[in-house]
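Student: Could you show me how to read the packing inside a protein model, one feature after another?

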Amino acid sequence: MDFDLPSDLVAYLAELDDFIDREIAPLQAQDDNERFFDHRREWARTDFDNGGLPRPEWESLLAEARRRADKAGHLRFGLPAEFGGRNGSNLWMAVIREHFAARGLGLHNDLQNEHSIVANNPFVLVIRDLCTPAHRDELIPGMLDERVRLTFGLTEPQHGSDATHMETRAVPESRNGQPGFRIDGEKMWTTGMHTATHCVLFARTSGRDGEARGISAFLVPAHAEGVKIEEYLWTFNMPTDHPRVSFNNVWVPGSAVLGKLDGGLALAQHFVHENRIRQAASSLGAADYCVRESVKYARERKPFGEELARSQGIQFPLVELATQVEMLRLLIRKTAWQMDQMPKPEVEKRLSDKVSMCNYQANRLCCEAADRAMQVHGGLGYSRHKPFEHIYRHHRRYRITEGSEEIQMRKVAGHLFGYMGAGKY
């Protein structure tokens, strides 16, 4: 057993740090772009008079950072070489995401909107693996140069974790002699709809409520007739690009079906494990940052003429968090490495519970670490002049999105008690 990171991975982390210092940090420093990251961040990013949407200048800054990262060969790192990537593995992506988050807030990696100079791009592989050659040729090049921007329409006002009970329906209907589908329904948290070119919309095409089979995925133009953004849902972490969208009498041709008819949930499941392990790594890195900053502050702060760190009331909670960081780091890296040793279908059978353990524990740990950092820093920690409130507000949502922690614990229980294959004991 060797727990050291591969030397070439360590070298790549140094290469990324150098790129951030040369290209991204100066971009963040110019034209008062620091307003998007210091105590003004929420107000600078949010157009409160326009539905709470991200301000165009904020999104333009993120786009410029991605452009520079792509030019330098970093943005597509996790993608196969055929798409200009470096075939980044799950282990490498997890370590990179942890490393970025552990640096603190910055233009290199602001996960409020999943921005990073080493992008995730899960839909590229979904389209490659599950869709037709025509869809691959149409969508993948556009996704890579951001001419095509996809949003995800799965959750509904009355259905979140119980996605197989969705009420959106797609029925066969021909128009002008062309076969296709009429879609009616409503979706929630359709993130990025304000700039999307298409919505990957899930609707029931056959079967009964509760059945996984019978749900299909459709590529619906974002501005198709009958598509309406009803409202933008303001969240704990602003700005918001998460609208409720209605689809009334929306018609698409038969070629709009992505993947197999009645087998659309395969698209949603295709990247779930990669997303969860990388999200876990980001939460771990942010938790580590909170602990390290708290230790540093506790050594500097001298109430009553003595280091704050001398108090066991300060020491012990941080000891607990630091211990959890170390243990979770090992589990995340081990699980990511194991994912790289097997094809995707085997990950679902053999490692899905471990991925869920990593994800829900890391997200919970990050919230606890951010909360403790606020406490250690006192009034300053509660203020927006420190990043802890931002970290808490962002990572708190991860305990709900990408599968709530209760759903992930149910997954672990299914493996543990033998409801999903052989039991662990």
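This is a predicted model: local features need pLDDT of at least 70, side-chain atom pairs count only at pLDDT 80 or more; totals for chains, interfaces and linings use all residues.

Student: At what angle do helices α11 and α13 pack, and how far apart are their axes?

Tutor: Two packed helices are described by the angle between their axes and the distance between the axes. Here α11 (residues 352–382) and α13 (residues 405–416) pack at about 145 degrees, with axes 9 Å apart; helices are DSSP runs of H or I, at least four residues, numbered from the N terminus. Axes are lines fitted to C-alpha atoms over the stretch in contact, and angles run from 0 to 180 degrees between N-to-C directions.

Student: Which residues of α11 and α13 meet?

Tutor: Contact means heavy atoms within 4.5 Å. Among those that meet are S352, Y360 and R364 in α11, and E405, M409 and H415 in α13.

Student: Is R329 buried or exposed?

Tutor: Buried means under 20% relative accessible area, and exposed over 50%, with partly exposed in between (1.4 Å probe, protein chains only). R329, which lies in helix α9 (residues 312–339), counts as buried because its relative accessibility is 13%.

Student: What does R329 contact?

Tutor: Leaving aside neighbours within four places in sequence, R329 is in contact with E98, L284 and D288.

Definitions and conventions: Residues are numbered from 1 along each chain as its sequence is written. Side-chain values use heavy atoms; hydrogens and water are left out. Helices (H or I, at least four residues) and strands (E, at least two) are DSSP runs, numbered from the N terminus.
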